[in-house]
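Dear colleague,

I am handing over the structure below, and my notes on its packing follow it. Please read them alongside the model.

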Amino acid sequence: MTETGAVNKENNENKRSNNIWLFAVKAVALIVIVVMVMQAVFKVVERKESYEKYADFFDVADQIDVLYLGTSHVINGVNPVQIFEQYGYTGYNMGGHGSILPASYWELMIALQYCNPKVVFIDTYMLEKDYQYIDVMDENATAADLNTSVEQLHLNMDCWPYSDVKKAAIEDLIYDKELHQDFLFDFELYHERWTELDKNDFLRLKGASDRNYLMGGEKRTQVYGTYTLEEPTQGLPQETVSMQYLRKIIEECKSRGIEVVTMLLPLAQLQPHDMEVAATTEQISAEYGVPFLNMIQDTSIVNLYTDLNDSGHLNVGGMNRVSAYLGKWMADNESSILTDHRGDSAYSRWTDRAVQSHEAESSYVEAADNAYSALLSLYDETTFDYVVYVKGNSSAYTNVAFLQLIEELSGTTEVETAAAVGGPYLFMHGVADGIENLEICGDQQPAPFSSELGFITYLGLHDFAAIYVNDDTENNLLDMNEHYNDDVQILLINKETGEIYSHLCFSL
């Protein structure tokens, strides 16, 4: 071979080698691009409920000192943001709708891959459940029950990336192997959501979609208004699967040096088996030497007339009280291992969430569709001052739940004075100059007084009432025409401008 031929051959071989490398680089680049595109598509089409609940968890996992585990009772009963605001303790609400103890156990195991809590609270509601697989349950389960159970698990599972622990969780909780794929690789489950997509779905790509601002908690704003109590009883008659998993939770925490606290949150309608659960929880807790907070029997923690959203879930008033109770309990019992992080700039996410949660409260008042929800939403109102008027001869004066809601707002029992004479009743919060709360009952006619609205003259009769400003008797701030027959009128007043922002009217 000539020297020229040898050179050409070497050049050709180098060219082929370079082409191979170029092809390989392009192939790898294409694969990377495809993977990135697929990941983006996955993020867009997946349902957002789980991401919204846990978005903050992934951002602040290394700052979390307390986890709250359990059912929807926990979701609606514990506000980690309030606890931080009042005590500085950082926590996350891991509660899941319908979460039996096996599900709570695996929720803990997955979370422990990301955080190292110092205290874990576990709600033992449904301790009587004697099944492991949520897609099988027991012989009384209907097809609708099974479907709901599986759907509820997605809230607490979809957000977590694939891992050996998540795989073990799904295998332990789901009997039908065909359903495993829906949890471990949920694109197959959600890929047909294209017709449902909205702006929020695409904001997920930038991490800017909606998220839960209560560190996993959710507020409810209805008022149940009644309750029943049961006497203490013996424990559950037999060992259940849920009891076994409660022990596993306690033992796992103890093996890691984590303090564990069992609890039962308040209920409005107690059943005999609830008392059996309470007794068994106390027994197991004593067996392991862990505290048990029995809030279903301690009726001093919440107002059972005003603080329940329905028979089993707390509303925002109950959430506030239970959260305050848990915060104080930790301050009294766990202060040696928990740190007050208030004022620490490194924990600004928690401070921001506290501000945002207060800003959101005014929307709850305006969105209320009944007088009970509106009064409840005024509990923590910080944006507006307000006026509450209850007409004379209203049925509200014989409604225990309604009267106690008013008493919660006013901090007095003056509304009972109005009830004794059939009304009317007027309550002003922050409106009258120099007076935080002003109550006027029955046919009392106070002298005109100054307020942020102007100089007020109030006229209150059984069949007519008026609030006039600056002697303008042509314009009554109360609507005694179109809403004459409504039982309750609420005026929201902007603190900064002194102007009426909204006028709400309700019949009971």
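Is the crossing of α4 and α14 left-handed or right-handed? The crossing of these two helices is left-handed, a term used when the near helix is turned anticlockwise from the far one by less than a right angle.

This is a predicted model, in which local features need pLDDT of at least 70 and side-chain atom pairs count only at pLDDT 80 or more, while totals for chains, interfaces and linings use all residues. Residues are numbered from 1 along each chain as its sequence is written, and side-chain values use heavy atoms, with hydrogens and water left out.

Helices here are DSSP runs (H or I, at least four residues), numbered from the N terminus. The axes of α4 (residues 80-87) and α14 (residues 348-367) come within 9 Å and cross at roughly 110°, the axes being lines fitted to C-alpha atoms over the stretch in contact, with angles from 0 to 180 degrees between N-to-C directions. That makes α4 roughly perpendicular to α14, a label covering 65 to 115 degrees. The contact (heavy atoms within 4.5 Å) is made by Val81, Phe84 and Glu85 of α4 with residues of α14 including Trp350, Arg353 and His358.

The largest nonpolar core has 66 residues, and those with the most contacts inside it are Phe57, Leu67, Met94 and Met157. Such a core is a set of buried (under 20% relative accessible area, 1.4 Å probe, protein chains only) Ala, Val, Leu, Ile, Met, Phe, Trp, Tyr and Cys residues joined through side-chain atoms within 4.5 Å. A second, separate core of 31 residues includes Val316, Leu375, Phe402 and Leu409.

Best regards

Terms used
Buried < 20%, exposed > 50% of the residue type's maximum accessible area, 1.4 Å probe, protein only. Parallel < 35°, antiparallel > 145°, perpendicular 65-115°, else oblique.
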